[in-house]
Amino acid sequence: MPGYEVTETRLRCVLPFEAVPGEVRLLRRAAVRQLSRWGMPAAAEEAELLVTELATNVIKHVGEGATATLILEWRGEVLRLEVHDKSRAAPMLKAAGCEEECGRGLHLLAALAVDWGTVITAAGKAVWCEISSGEGSGCRRIERAVDALERYQAVSGAVAWLPGRGCDAGMAESAVELIADLLHWTTARGHDPDDILDRAQRHYEAEADAA
C-alpha cells in the first residue's frame, strides 16, 4: 500500500489509504492484522466487510484516488471504525430514489453495525460505525439476507422505503413478504408451514447460543 503507515496509541490505529480498488483490499488485510494483534479475531470478519463498504463509499461518492483515513478504535466491548475523507457530502437516505441512495452498502452497514452515522469535520467528514468486539460473526448470513431481500424487492416490486420510517423499515417489510411467499411455496409443495417456521426458529436459536 503506497504511503502506508500505522500509528497506534493504546487501542487506536490510524491507517491512511488512497481510494482505489487495489488499496481497499490491502486496507482490509491491514485492519484484520491489527484486530489479530489486539486479540479480537471474533470481530475480524464483520470488520472486514465494513471496512470494504466504508472505503468503497469513498471511491463511489468522493472520487477514485481521493485520500482518506481509516481509524480503528477499541473501546471496551465496542470496536469503532471511522473513515475520514475531504468531502462534506454525507450519505443520506431519501424518499425519492431510495434505491440509489441506500443501496447494498448502507443496508449492510445498518445490518451489521450496532450504530453508525456521519460527522462533519474541519477537513471534511467521517463516516463511522460500531460493532461488538466480543460477538461471533454471523455477518455472512446477514450479507446473504441483504442480497436476497434486494433481489426480492427488484423482482416483486416490494416497498424499499416507508414514509417516515426509512429504508430499514422497508427492508423489514420486504422480509415479511418474502417469508410469506416462502410459506406459500412450502404449502404448495406439501410441507407444513408451521413446521418450517419452527425448524427455522430452532436453527436460529441454536446458532445464536453457539455464537
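Analyst: Two strands pair if DSSP finds at least two bridges between them, and the strands (E, at least two residues) and helices (H or I, at least four) are themselves DSSP runs, numbered from the N terminus. This is a predicted model, in which local features need pLDDT of at least 70 and side-chain atom pairs count only at pLDDT 80 or more, while totals for chains, interfaces and linings use all residues. Residues are numbered from 1 along each chain as its sequence is written, and side-chain values use heavy atoms, with hydrogens and water left out.

User: What makes strand 3 and strand 4 a pair?

Analyst: Seven bridges join strand 3 (residues 67–75) to strand 4, and the two run antiparallel; the definition asks for at least two bridges, so they pair. One of the partners is Glu82 in strand 4, which is bridged to Ile71. Two residues lie between the strands in this hairpin, where Gly76 takes a positive phi near 65°.

User: How many bridges join strand 4 to strand 6?

Analyst: Eight bridges join strand 4 to strand 6 (residues 125–132), again in an antiparallel arrangement, and Leu81 has Cys129 of strand 6 as its bridge partner.

User: Why is strand 4 called largely enclosed?

Analyst: Buried means under 20% relative accessible area, exposed over 50%, and partly exposed in between (1.4 Å probe, protein chains only). Six of the eight residues of strand 4 (residues 78–85) are buried, so the strand is largely enclosed by the rest of the structure.

User: Why is the contact of Arg28 and Glu48 called a salt bridge?

Analyst: A salt bridge is a side-chain nitrogen of Lys or Arg within 4 Å of a carboxyl oxygen of Asp or Glu. The side chains of Arg28 and Glu48 meet at 3.5 Å, N to O, and the pair links distant parts of the chain, with Arg28 in helix 1 and Glu48 in helix 2 (residues 44–61), 20 residues apart. Arg28 has 21% relative accessibility, so it counts as partly exposed, and Glu48, at 27%, also counts as partly exposed.

User: How do you know that Asp195 and Arg199 meet in a salt bridge?

Analyst: Their side chains lie 3.7 Å apart, N to O, which is within the 4 Å limit. Both residues lie in helix 7 (residues 193–210), four residues apart, about one turn of the helix.

User: Which residues are linked in a network of salt bridges?

Analyst: Glu73, Arg75, Arg80, Glu82 and Glu130 are linked in this way; within the network, the side chains of Arg75 and Glu73 meet at 3.2 Å, N to O.
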